[in-house]
Amino acid sequence: MDKVMRMSSEKGVVIFTKNSCCLCYAVQILFRDLRVQPTIHEIDNDPDCREIEKALVRLGCANAVPAVFVSGKLVGSTNEVMSLHLSGSLVPLIKPYQSFHN
């Protein structure tokens, strides 16, 4: 769990993903459309993949991936992120990390 906490607090927006996960891809595209360049950790490329998945579930993710962290705090998985976005609460949360440069 220490590794997940360290990795999730390295940058403003961090997403734990897997290569083959279409929901992970959708969440990444959402953040890019919102002009945020998240740090992506593809856990299936990590030798500690199983431990990372277990830690993400213990932290509160219903599914291990995608797991979105903002400012080192768990936002959640796809459902939580999309709910925040639809309610208008996601943009204020990520505003400090938005880039308006092309």
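Is Ser77 buried or exposed? I took this up first in the predicted model. Ser77 has 6% relative accessibility, so I noted it as buried, since the cut-off for buried is under 20%. I found Ser77 in the loop between strand E4 (73–76) and helix H4 (78–87). Leaving aside residues up to four places away in sequence, I listed its contacts as Asn63, Val65 and Pro66.

Next I looked up the sheet. I traced 4 strands in the order E2-E1-E3-E4, forming an open sheet with mixed pairing. Strand E2 (39–42) and E4 are at the edges with a single partner strand each, so one side of each has no neighbour in the sheet. Neighbouring strands are turned by 25° against each other on average, direction ignored.

I then checked the pairing of E3 with E4. The two strands run antiparallel and share 3 bridges. Val68 stands opposite Gly76 in E4. I saw H4 packing on the sheet, where it touches E3 and E4. The direction of H4 makes about 85° with that of E4. Helix H2 (residues 22–33) lies across E1, E2 and E3, and I noted its angle to E1 as about 160°.

Last, I went through the cores. The largest nonpolar core has 15 residues, and Val4, Phe16, Leu56 and Phe69 touch the most other members. Helix H1 (2–8), strand E1 (13–17), helix H3 (49–59) and strand E3 (67–70) each supply at least two residues. H3 gives the largest share, 4 residues. For Val4, I listed contacts that include Phe16, Leu56 and Phe69, not counting residues up to four places away in sequence. I also noted a second, separate core of 13 residues, with Val13, Phe31, Val81 and Leu90 among them.

Definitions and conventions. Residues are numbered from 1 along each chain as its sequence is written. This is a predicted model: local features need pLDDT of at least 70, side-chain atom pairs count only at pLDDT 80 or more; totals for chains, interfaces and linings use all residues. Side-chain values use heavy atoms; hydrogens and water are left out. Buried means under 20% relative accessible area, exposed over 50%, partly exposed in between (1.4 Å probe, protein chains only). Contact means heavy atoms within 4.5 Å. A nonpolar core is a set of buried Ala, Val, Leu, Ile, Met, Phe, Trp, Tyr and Cys residues joined through side-chain atoms within 4.5 Å. Two strands pair if DSSP finds at least two bridges between them. Axes are lines fitted to C-alpha atoms, for helices over the stretch in contact, and angles run from 0 to 180 degrees between N-to-C directions.
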